[in-house]
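Open the model in your viewer and keep the selection tool at hand. Each stop below says what to pick and what is there.

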Amino acid sequence: MQTDYQPFILALLAYAAQRDISPEKLCRLAGIEFDKLKTGKLKSLRQTQIDHLWLDVINLTGDPLFGLHFGESLQLSALGVVGELIKSSNTVGKAVTIASTLVHLITPLIGIRITHHQNAFTIHFDCLDKQQEQQPIYKETLDLLMVFVIHELDGLILEKIKPIRIKYKNRIHEINLKEYERVMRSQPQFSKLENSITFSSLYWNEPIL
C-alpha cells in the first residue's frame, strides 16, 4: 500500500503499551515485523495487517471503547509530518482545513469535510467505504478521529473547547453514553444522516499558539 501509516501505527502501539499490552505481541499477531517498524525500515503495511492490529488491541485490552480512549490520549507530535503541518497553521480554521486533507494518512475509511453556517462550523466525518460502516474497525476509527479533533483544538489555543453539537449515525449504548459525554464534553445525538461535530464560529479565526 502506498500510504505510509507507520507513524500512526507507532502511536497506536505506544498507547497500547500504556495499557499494559505488548507492542511486540500485537505486531506478531498482526504479521507485522516489529523491529523494522520501530526503526522505520518497514517498506509497507497491508490493510489486513492494520485491521488485525485494531481487532487484537481491542480484544487484549478488553476495551470496547479503545478508539475513544486512544483519541483522547493522542498527541499531534505522535503523527509526525501531519502534526507539524497542523501546528504550522496560523488559525484554528487553517489547521482544521489542513487536517481534513491529511486524514488519509490515518485511515482510508473516513474522509473529512467542513461546512459553515451562521455562527458555527461543522466537521463531517464521511464513510468512504459503505461496506465497512457497520464493522468494529470503522467504529473505533471514527471515535478516534472525532475525539482527536476536539482534544487537539484545546492544545492549539489553550482553551478547553466544548462542541455545540455532536451527531452519530449509530446509536450509542446507554451504558457507554456517559463515557462518550465525558470524553467529548457533549452528549452525542443520534442522527440517521451524518457523523459530525459542530463548533462555534468564534474559534475559526482564532490564532493558534
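Select Asn 90 and show its neighbours. Leaving aside residues up to four places away in sequence, Asn 90 touches Glu 206, Pro 207 and Ile 208. This is a predicted model. Asn 90 sits in the loop between helix H6 (81–87) and helix H7 (92–102). Is Asn 90 buried or exposed? Asn 90 is exposed, with a relative accessible area of 54%.

Switch to a cartoon view. Five strands form an open sheet, in the order S1-S2-S5-S3-S4, and the pairing is mixed. Look at the edges: S1 and strand S4 (189–190) stand there. Each has a single partner strand, so one side of each has no neighbour in the sheet.

Select strand S1 (residues 110–117) together with S2. They pair in the antiparallel sense over eight bridges. Zoom in on the turn of this hairpin. Two residues lie between the strands, and Asn 119 in the turn has a positive phi of about 70°. His 117 stands opposite Ala 120 in S2. Further along, pick Ile 112; its bridge partner in S2 is Phe 125.

Stay on strand S2 (residues 120–127). Seven of its eight residues are buried, so the strand is mostly covered. S2 and S5 pair in the antiparallel sense over five bridges. Pick Ile 123 and find its bridge partner in S5, Ile 197.

Bring in helix H8. H8 lies across S1, S2, strand S3 (165–168) and S5. The helix runs at about 155° to S2.

**The core**

Show side chains. Which residues touch the most other members of the largest nonpolar core? They are Ile 9, Trp 54, Phe 70, Phe 125, Met 184 and Phe 199, out of 64 residues in that core. Helix H8 (residues 136–157) gives the largest share, 13 residues. In soluble globular proteins, nonpolar side chains tend to be buried together.

Center on Trp 54. Not counting residues up to four places away in sequence, Trp 54 touches Phe 8, Leu 12, Phe 66, Gly 67, Phe 70, Ile 137, Glu 140, Thr 141 and Leu 144.

**Two crossing helices**

Select helix H1 (residues 6–18) and helix H5 (residues 66–73). Their axes come within 11 Å and cross at roughly 100°. That makes H1 roughly perpendicular to H5. On the H1 side, the contact is made by Phe 8, Ala 11, Leu 12 and Tyr 15. On the H5 side, look for Phe 66, His 69, Phe 70 and Ser 73. By class, this contact of H1 with H5 has six nonpolar, two polar and no charged residues.

**Two positive phi angles**

Go to Asp 20, in the loop between H1 and helix H2 (23–30). Asp 20 is not a glycine, yet has a positive phi of about 65°. Asp 20 is exposed, with a relative accessible area of 72%.

Finish at Arg 185, in the loop between helix H9 (174–184) and S4. Arg 185 also has a positive phi of about 65°, although it is not a glycine. Is Arg 185 buried or exposed? Arg 185 is buried, with a relative accessible area of 15%.

Terms used. Residues numbered from 1 in each chain as written. Predicted model: local features only at pLDDT ≥ 70, side-chain atom pairs only at ≥ 80, totals over all residues. Heavy atoms only, no water. Buried < 20%, exposed > 50% of the residue type's maximum accessible area, 1.4 Å probe, protein only. Helix = DSSP H or I, 4+ residues; strand = E, 2+ residues; numbered from the N terminus. Pairing = 2+ DSSP bridges. Contact = heavy atoms within 4.5 Å. Core = buried A, V, L, I, M, F, W, Y, C linked by side-chain atoms within 4.5 Å. Axes fitted to C-alpha atoms, helices over the stretch in contact; angles between N-to-C directions. Parallel < 35°, antiparallel > 145°, perpendicular 65-115°, else oblique. Nonpolar A, V, L, I, M, F, W, Y, C, P; charged D, E, K, R; others polar.
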